[in-house]
Amino acid sequence: MDLNAWKAQLRKGAAELAVLAVLDRDETYGVDLLERIQMAGGLDLSGGSIYPLLNRLQQEGKIRGRWVEDAGASHPRKYYALTRTGRAVLSEMVMEWAQFEAGMRLLLGEEVARARK
Amino acid sequence: MDAALARLSESERREILLETQSHVAEQAERSPQLSVPEILEELGTPEAYARTFLVDGDRDAPRRTGALHGLARLATGSWTALPVLVFVVGFYSVAVLALLIALAELLEPATTGYFVQQTATGRDISFVVSGDPSAVRGPDLLGVWLIPIAISIAVVIHLAMSALLRRVTPRESAVREPPTPREPPRDE
């Protein structure tokens with residue numbers, strides 16, 4: 001089994017949820033979004049993957065972007081925010097995630113405890 | 001990168017390039033020890049990075065590639081698309097005419113077709129679509145074969161115009177915001 005391919009698939013699915021979750025709290029721009037997700041750990045998102053993802057989410061109407069001349073930067077930044085559709089999608093994804101996590105925790109409880117020792 | 005994104009609309013392409021520039025400027029400010037090539041390296045090669053946008057965008061975006069959708073995109077597009085629109089509408093008019101001829105042949109076979117009349121000076125070929133039997137002179141050259149021929153012409157025109165519309169209309173883009181900076185950030 002190709003563990004790297006499996007990890008990539010796992011992270012790819014979760015990346016959309018992570019982006020929507022961060023944007024649900026704050027309107028923000030690519031680098032800041034990337035930093036927040038990287039600080040949380042586990043997802044391994046990079047600049048090369050976050051912008052195509054943001055582009056797709058915008059095309060799907062889940063987020064909207066606007067260019068801003070920020071006082072704190074010498075260059076314009078594109079700020080992203082959740083749309084109403086995005087908020088509804090996030091709510092459904094969070095419910096799915098909670099069920100998934102609970103199921104996996106039940107299934108993998110012993111293995112996870114053993115791996116952490 | 002601009003060339004690799006050629007399949008996207010002009011506004012979407014410009015948006016992606018501007019955001020890439022903004023990303024590089026942001027990272028250069030945050031990490032002065034990094035050079036621009038090092039920052040760009042994180043994004044991957046320009047071609048690979050551009051391809052990610054195409055793959056990610058195409059995978060889930062609804063694809064509407066029908067001829068009617070293509071015509072609508074042309075009709076609501078820029079003035080530069082007008083010659084193509086006229087060309088496509090012209091050919092579709094021919095296709096509709098061919099279908100009407102096939103219908104006329106089906107309903108009025110005796111008075112529709114290519115009729116050949118021998119005259120003193122040679123053969124006189126006339127195309128007739130009429131309910132009037134007096135307009136018909138001589139035997140019908142094609143007979144019922146006019147129906148499949150006319151339908152085939154209409155189908156070929158439709159296929160050719162659909163292929164043309166797929167090539168000339170850019171992919172659906174949801175990027176609508178102007179790329180120039182305007183407003184201060186919203187406080188939340």
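**Entry 1: surface and burial**

I looked up the accessible surface of chain A, which comes to about 6800 Å², 56% of it belonging to carbon and sulfur atoms. Such areas come from the Shrake-Rupley method with a 1.4 Å probe, and for residues only the protein chains shown count as cover. I note that this is a predicted model, in which local features need pLDDT of at least 70, side-chain atom pairs count only at pLDDT 80 or more, and totals for chains, interfaces and linings use all residues. Residues are numbered from 1 along each chain as its sequence is written, chains are lettered from A and ligands numbered from 1 in the order in which they are written, and side-chain values use heavy atoms, with hydrogens and water left out.

I then turned to burial. Of the 117 residues of chain A, 43% count as buried; the term means under 20% relative accessible area, against over 50% for exposed and in between for partly exposed (1.4 Å probe, protein chains only).

**Entry 2: secondary structure and sheet**

I found 4 helices and 3 strands in chain A, following the pattern α-β-α-α-β-β-α along the sequence. Helices (H or I, at least four residues) and strands (E, at least two) are DSSP runs, numbered from the N terminus.

In which order do the strands of the open sheet lie? I read E1-E3-E2 (chain A), with antiparallel pairing. E1 and E2 of chain A are the edge strands, since each pairs on one side only. Two strands pair if DSSP finds at least two bridges between them. Strand E1 (residues 28-29) is joined to E3(A) by 2 bridges, and A:Thr28 has A:Tyr80 as its bridge partner. Strand E2 (residues 63-68) is joined to E3(A) by 6 bridges, with A:Trp67 opposite A:Lys78.

A:Lys78 counts as buried because its relative accessibility is 4%. Its side chain makes polar contacts with the side chains of A:Gln58 (3.5 Å) and B:Glu15 (2.7 Å). A polar contact is a pair of N or O atoms within 3.5 Å; within protein, one must be able to donate a hydrogen and the other to accept it, and residues adjacent in sequence count only if both atoms are side-chain atoms. Not counting residues up to four places away in sequence, A:Lys78 also touches others, including A:Tyr29, A:Gly65 and B:Glu19. Contact means heavy atoms within 4.5 Å.

**Entry 3: nonpolar cores**

I looked up the largest nonpolar core, which has 34 residues; A:Val19, A:Leu33 and A:Ile50 are among those with the most contacts inside it. A nonpolar core is a set of buried Ala, Val, Leu, Ile, Met, Phe, Trp, Tyr and Cys residues joined through side-chain atoms within 4.5 Å. Its largest share, 8 residues, comes from H1(A). Helix H3 (46-60) of chain B is one of the elements that supply at least two residues each. A second, separate core of 14 residues includes B:Tyr92 and B:Leu165.
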